[in-house]
Amino acid sequence: MLTLMVMRWNQQKFNNLATALTRRYQKTTKALQSQLQNLESMKVELAVTESQLEDWVNDVKDWADATITTTNDVDALANRIEVLVASVKRRSQRLYKDTDGNKGRARIRRKIREEKGILTSLVETYNRMVPNTETLCLETILSGETAWPWQLPHSDSVDLRTKRKAFDIIMSVRRLQEEQKILVAEMDHHWKYLSTRAKTLRELSCLFASETLQSSLCGLSEEGLKGLQSIIHKKQRKIRDMRVQARDCYLQVLSGAENTNFLNKPSADDYDSDFEISDDEL
């Protein structure tokens, strides 16, 4: 049963491949347009050029190469540190504002000491993970407004967080563009496969229709030969319908340079001859 189900799934995928590739291409194109709009909005908002954005990409790559551990671990620690710093500052402000009794203030002080202990440990761990230029000082981050390392301006007066945001958008655009190229290549491969299959079936049909082959088929009755030709004709009709569907689907989404020659120039022998199969032959 599993073998039969897998065979059926594979057949369904084969029959619906043109539709699946088309939908995937449309989804990718929509996402790409959205990211391109975000990139243009960022360029207008920050008044930067393509060359400056490329410099930012290189800056982020250099920053990533200088980081000892993975970004996810550093980001998790940074987020935890920010939360604890905000909590300590908030509790310190409430120490004499919201509590009138000594018990309430003692409870808040105890909680502040616990959080400072955890914060000290996290800051030490964080400083071991990042370059020396991005280390944190406990006294500094607890006094006044905190300027985190990823918020500090670099030599070009742009903070690393802004550069990372631009980096993420640019990398997303490049990934989507690469996915578009892969999908177009898959469409091309699918179309060529269907064309080759149609050509093979047409040659096989002509071969079995020749009198020379019919006279040499010893042991195969006339009814058997007609049945074999009928099977070939049915396969031709199926491949023809799949090619029509694939061509219609691909022409709906491909345009310009993406509309490759294999869709625009089907030869008469390779395409139109399939339509000569009549229903009577089937």
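Me: In which helix is the place of Ser 205?
Reply: In this predicted model, the side chain of Ser 205 makes a polar contact with the side chain of His 233 at 3.3 Å. As for its own position in the secondary structure, Ser 205 is placed in helix 7.

Me: Does Ser 205 count as buried or exposed?
Reply: A residue counts as buried when its relative accessible area is under 20%. The relative accessibility of Ser 205 is 15%, and therefore Ser 205 counts as buried.

Me: With which residues is Ser 205 in contact, leaving aside its neighbours within four places in sequence?
Reply: The polar contact between the side chains of Ser 205 and His 233 already points to one of them. Once the neighbours within four places in sequence are set aside, the residues in contact with Ser 205 are Ile 232, His 233 and Gln 236.

Me: How many residues apart are Phe 14 and Tyr 193, and which helices hold them?
Reply: Phe 14 is partly exposed at a relative accessible area of 24%, and Tyr 193 likewise counts as partly exposed, at 36% relative accessibility. Their pair links distant parts of the chain, with Phe 14 in helix 1 and Tyr 193 in helix 7, 179 residues apart.

Me: Which residue forms a salt bridge with Arg 91, and in which helix does that partner lie?
Reply: The count of salt bridges comes to eight. In one of them, the closest N and O atoms of Arg 91 and Glu 115 are 3.2 Å apart, and the pair joins distant parts of the chain, 24 residues apart, with Arg 91 in helix 4 (residues 71–94). Glu 115 is buried, its relative accessible area being 8%. The partner of Arg 91 is thus Glu 115, in helix 5 (residues 102–129).

Me: How many residues apart are Asp 188 and Lys 192 in helix 7?
Reply: The side chains of these two residues, Asp 188 and Lys 192, meet in a salt bridge with an N to O distance of 3.6 Å. Lys 192 is partly exposed, with a relative accessible area of 48%. Both residues lie in helix 7 (residues 160–209), about one turn of the helix from each other, which is four residues apart.

Me: What accessible area do Leu 2, Met 5, Val 6 and Trp 9 have together?
Reply: Leu 2 is found in helix 1 (residues 2–15), and at 65% relative accessibility Leu 2 counts as exposed. Together with Met 5, Val 6 and Trp 9, Leu 2 forms a nonpolar patch on the surface, and the accessible area of these residues together is about 410 Å².

Me: How many helices and strands does the chain have?
Reply: Buried residues account for 34% of the 282 residues in the chain. Read along the sequence, the pattern is α-α-α-α-α-α-α-α-α-α, and the secondary structure comes to ten helices and zero strands.

Methods:
Residues are numbered from 1 along each chain as its sequence is written. This is a predicted model: local features need pLDDT of at least 70, side-chain atom pairs count only at pLDDT 80 or more; totals for chains, interfaces and linings use all residues. Side-chain values use heavy atoms; hydrogens and water are left out. A salt bridge is a side-chain nitrogen of Lys or Arg within 4 Å of a carboxyl oxygen of Asp or Glu. Helices (H or I, at least four residues) and strands (E, at least two) are DSSP runs, numbered from the N terminus. Buried means under 20% relative accessible area, exposed over 50%, partly exposed in between (1.4 Å probe, protein chains only). Patches are made of residues with over 30% relative accessible area and no salt bridge: like charges are joined within 9 Å, nonpolar side chains (Val, Leu, Ile, Met, Phe, Trp, Tyr) within 5 Å. Accessible areas come from the Shrake-Rupley method with a 1.4 Å probe; for residues, only the protein chains shown count as cover. A polar contact is a pair of N or O atoms within 3.5 Å; within protein, one must be able to donate a hydrogen and the other to accept it, and residues adjacent in sequence count only if both atoms are side-chain atoms. Contact means heavy atoms within 4.5 Å.
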